[in-house]
Amino acid sequence: MHKYIDFRLIIAIIKVFRCEILMNELRKLSITQMHEGLNKKDFSSVELIEAHINAVENEKLNAFITKTPEIAMKAAKAADENFSKRENSPLMGIPVGVKDLFCTAGIKTTAASKMLENFIPTYESTVSDALLRNGAAMLGKLNMDEFAMGSANTNSYFGPVENVWMRKSDGEKVVPGGSSGGSAAAVAGFLCAGALGSDTGGSVRQPAAYCGVVGVKPTYGRCSRFGMIAFASSLDQAGVITRSVSDSALMLEAICGYDKKDSTSSEKPVPKFSNLIDNNIKGKRIGIPKEYNMDGISEEIIHNWEKVAFYLKENGAEVVEISLPHTKYAIPVYYLICSAETSSNLARYDGVRYGLHVETDTLEEMYELTRAEGFGKEVKRRILMGAYALSSGHYNEYYEKAQCIRALIREDFIKAFENIDYILVPSAPTEAFGLNAKPDPLVMCINDVFTVPASLAGLPAISVPVALSNDGLPLALQVIGNYYDEAGILNVASVIEQNCMYPEQVSCNA
């Protein structure tokens, strides 16, 4: 036993532990709580960002491709100055991440592909610029499926992303979903308070469901696609992932709006979504499509679907059965259209202007070897499928027919919304599957069966967590709204959120 006790050392150790506890607590705050704390000067933006930078530097999820602590800290210092002058926005000094599909000026933007491994844009995407102009502190660029093609975030050139949740029965790691898996995992793992994602066929909503967070895809055209690396241009839409519905409203307010640099951008005014969440859904009609109760959906999801419908009725809504008869064609139609657009969009990566370049003797060889080396398997698969669908012998048979059926799917929704206000459906047919599982590519397509129809129609939709499965994994439902009714789906989702609170993960491998 030591004769002398060094009390100074003990005090120093206690201070370190207290500091770590404070930093962990800061990371668990919502965006709204962070903003309130900064306003009250309970902590500074520098302290808040330091806590997140430390977490990001030591993260084990492989959620980030590029980390930008210096940019985040610069924004934090600027935020503290603005708070001292009482000049601030709800996102001022808030730690965020950006999916590596959005171009960021002077910062590497890879789309998780070897093809763009060293690409540094000279311009900023409109939506990431909106976050920065609102004072958000960007911690880095988030991992994703290569060129946003995938449902598990296992297609990244920089390695798979791990979900913060683990299966309770065997402790196995599970996928975070895709393609915005890095965004969803980072938010669920308290590495950032909110993140930008992109949703082509469910790439915000499905990973949000697997990770137990909130994911919103606004109406097609609500957010500018300028500076967003193209996958399928008629489907791609920026979205947000946060830990609460109110936080999603704040982020959407920042990134939505007209942009003359995008010909598909809507000029429709953007309301202040956060002011329109009042949890009042009395008299609203909620549709349950009978076609969505299909083979392969887990019993636990069906049970929670019914339970949430009951909650909505208790809160004054009327729940009715509806029909969306062309839903069964959504998956094949989606993969034909997105693959065709992929084949066209990715033709620009030829080894000449930017991206990977393989030196060869002939121009034709350069094209072939550059694309063979630069693209992963899933990207190649979709390019080939799209090129086939667009070929002169098959254009009318496949691509044109797919576009006709897409119009029918859209008409189903338009007809349904004549008699209802919102649609309630699952976000995914099952809970997250094992990280080491190797499902067939066709089986992987089924993960998007509930998210693809809204994407084909260009409708706004939000995924909100509702329960934990028997294996301790998140389960989620989504609310689909009519065009430009983001405020409405946020409000319904807020009611669901209030009635379906579940405990935070007890085991975090972030």
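**Close-up views of a predicted model**

**View 1. The lining of the largest pocket divides into 20 nonpolar, nine polar and ten charged residues.** Ala, Val, Leu, Ile, Met, Phe, Trp, Tyr, Cys and Pro count as nonpolar, Asp, Glu, Lys and Arg as charged, and the others, Gly among them, as polar. The model is predicted, so local features need pLDDT of at least 70 and side-chain atom pairs count only at pLDDT 80 or more, while totals for chains, interfaces and linings use all residues. Residues are numbered from 1 along each chain as its sequence is written, and side-chain values use heavy atoms, with hydrogens and water left out. The volume of the largest pocket is about 950 Å³. Among the 39 residues that line the largest pocket, Asn 155, Glu 378, Arg 381, Pro 441 and Met 444 are the closest to its centre. Two or more lining residues come from each of α10 (330-345), α12 (377-390) and α14 (441-445), and α12 gives the most, with five. A pocket is an open set of points on a 1 Å grid over the protein atoms alone, with protein on both sides within 12 Å along at least five of seven lines; a cavity is a set of points where a 1.4 Å probe fits but cannot get out; lining residues have an atom within 4 Å of a point. Grid points are joined across faces, edges and corners, and a volume is the space filled by probe spheres set on the points.

**View 2. The largest cavity holds about 70 Å³ of space.** Its lining has 13 residues, of which Ala 148, Gly 150, Ser 203, Tyr 334 and Asp 448 are the closest to the centre. By class, the lining of the largest cavity has five nonpolar, six polar and two charged residues. The whole structure has three cavities of 30 Å³ or more.

**View 3. Strands β7 (residues 285-289) and β8 (residues 318-322) run parallel and are joined by five bridges.** Two strands pair if DSSP finds at least two bridges between them; helices (H or I, at least four residues) and strands (E, at least two) are DSSP runs, numbered from the N terminus. Together with helix α9 (residues 299-314), β7 and β8 make a right-handed β-α-β unit, meaning that, with the strands pointing away from the viewer, the path from the first strand over the helix to the second runs clockwise. Arg 285 stands opposite Glu 318 in β8. Glu 318 and Arg 285 also form a salt bridge, with the closest N and O atoms 3.0 Å apart. Because Glu 318 lies in β8 and Arg 285 in β7, the pair ties together parts that are 33 residues apart in sequence. Glu 318 is partly exposed at 39% relative accessible area, and Arg 285 is partly exposed at 27%. Buried means under 20% relative accessible area, exposed over 50%, and partly exposed in between (1.4 Å probe, protein chains only).

**View 4. Glu 253 and Lys 272 form a salt bridge, with the closest N and O atoms 3.4 Å apart.** Glu 253 lies in helix α8 (residues 245-255) and Lys 272 in the loop between α8 and β7, so the pair ties together parts that are 19 residues apart in sequence. Glu 253 is buried at 18% relative accessible area, whereas Lys 272 is partly exposed at 45%. A salt bridge is a side-chain nitrogen of Lys or Arg within 4 Å of a carboxyl oxygen of Asp or Glu; by this rule the count is 15.
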